[in-house]
Amino acid sequence: ICSKIRDINKEDTKTLASELRMKLMEGDRATASAILLRLLVRRPRLSQAWAALEGLFETITTERRKDFQRTIRKILKEDKTNFFAHKWKAWFHIYEASNFSSPKLMKAKKSLTNALSLAPTEERGTILQKLAMIESCRGNHEKAVETLKEALTIQPSNSQLSLDLAMMHTRMGGKYFVLACEELDKISDEIGSEKHLLLAYLRTFIGEEEKAEKALNKCSEEMKILAQAHMLLIKEKKSEALALIKKQIESAKGSEKGSDELANWIEAYVCSGEFSKAISEINRLKKEKGELKNISALAELAKYLNKKT
C-alpha cells in the first residue's frame, strides 16, 4: 500500500528519481531536466540528483540554465552549507566566463573554495581539479600544479588528474617536459592514445627519439600520421611536415572524413606557421560543409596569427 501511494504521488522523491532515470535512458533530456529541477527543490542534498545534472549540463538550453541557477540560489539561501550547490554555482560561473580575466572566474573560485571547506574528503578531488583549471586559465600554473598534487593525494589512482598534471607541466614550457613525462609514465596504458600521443611529442622535443617512436607505435592508427607530422615540425623538418599535411588534406577532399579529422590537419598548418594555407583550406571546407563550430574557432586563430605576421 505504501509503495502504491508513493507511485501515484508525482512529487515523491522515489517516484521523481525513477522517472528521471527513465527519461535519461530514453534520451528525453528536456523532460529529464524539468524533473531534475523539481527533485533538487525537494531533496537538495541528494547526490544522485546532482550527478544527473553532470550528464545534462552540456545539453540544457540557456533558459533552462537560468532555472537551475535560480534553484541553486534558493537552495543556498535556505542551506548555506550545501556543498553540492556551492560547487554547481561555480560550474555555471565557469561556463559563462568569456576569457581568462572574466570576473566570473573569480566568482567561481570563491564558490569552489566554499564547496571545498564543506565537502567530504571523497568529493574534494573534483573540486580541486576545477580550482586548478581556474588557476591555469588565469596564468597561475605553479598554483595549478600545487592544487592538482593535492587532489592526487586524495585520489591517487585518478588517471585524469595525473593527465591534467602532465598537461600543466607541458604548458609551463620545455624545462618542465621531463616532469610531464614522469607523470604520464605513472598512468595506465588503459586510457588509450591520449597518453602515448603526448609522450611522443614530449620525448621528441627533449631529444629522446627512440622513446618517442615507442610511444608513437602505441597510438591509434588514425592518429599516427598526424602525430608524425607534428613530430617532424618539432624536429624542425618543416618541408617534410608540410608535404605530409598537404598529402593528407588532398586525400581527404571528396572523402567521407569528418570535420574533426580535417580540422586536425588544418591545425597542423597553423602549427607550422602556414596561416594563409590554413585559412584557404578553412574557406574551402566552409563552402563544402557550411559553418562548423570546431572550424570557426580555428579560423579565428589562423586569421589572428596571420595578421600578427
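The tour begins with the whole chain and then turns to single residues and pairs.

**The whole chain.** Keep in mind that this is a predicted model. With everything shown as a cartoon, you will find 18 helices and 0 strands in the protein, and the C-alpha trace spans about 75 × 45 × 40 Å along its principal axes.

**Helix 5.** Select residues 62-78, which form helix 5, and show the side chains of lysine 74 and glutamate 78, which meet in a salt bridge with 3.2 Å from N to O. Because these two residues are 4 positions apart in helix 5, about one helical turn separates them. Glutamate 78 is exposed, with a relative accessible area of 62%, whereas lysine 74, at 43%, is partly exposed.

**A positive patch.** Next, select Arg73, Lys89, Lys107 and Lys110, which together form a positive surface patch; of these, arginine 73 has its place in helix 5.

**Histidine 93.** Move on to helix 6, residues 83-96, where histidine 93 is found. Is histidine 93 buried or exposed? Its relative accessible area is 12%, so histidine 93 counts as buried, the cut-off for buried being under 20%. Leaving aside residues up to four places away in sequence, histidine 93 touches Lys104, Lys107, Ala108 and Ser111.

**From helix 8 to helix 9.** Now select arginine 124 and glutamate 150, which form a salt bridge whose closest N and O atoms are 3.5 Å apart. Arginine 124 lies in helix 8 (residues 121-137) and glutamate 150 in helix 9 (residues 141-154), so this pair ties together parts that are 26 residues apart in sequence. Arginine 124 is partly exposed at 22% relative accessibility, and glutamate 150 is partly exposed at 36%.

**From helix 11 to helix 12.** Finally, select aspartate 185 and arginine 203, whose side chains meet in a salt bridge of 2.9 Å, N to O. This pair links distant parts of the chain, 18 residues apart, with aspartate 185 in helix 11 (residues 177-185) and arginine 203 in helix 12 (residues 193-205). Arginine 203 is buried, with a relative accessible area of 11%, whereas aspartate 185 is partly exposed at 45%. The structure holds 19 salt bridges, including the one between arginine 203 and aspartate 185.

How values were computed
Residues numbered from 1 in each chain as written. Predicted model: local features only at pLDDT ≥ 70, side-chain atom pairs only at ≥ 80, totals over all residues. Heavy atoms only, no water. Patch = residues over 30% accessible without salt bridge, like charges linked within 9 Å, V, L, I, M, F, W, Y side chains within 5 Å. Areas by Shrake-Rupley, 256 points an atom, 1.4 Å probe, with all protein chains shown as cover. Salt bridge = Lys/Arg side-chain N within 4 Å of Asp/Glu carboxyl O. Lys, Arg positive; Asp, Glu negative; His and termini not counted. Charge placed at Lys NZ, Arg CZ, Asp CG, Glu CD. Buried < 20%, exposed > 50% of the residue type's maximum accessible area, 1.4 Å probe, protein only. Contact = heavy atoms within 4.5 Å.
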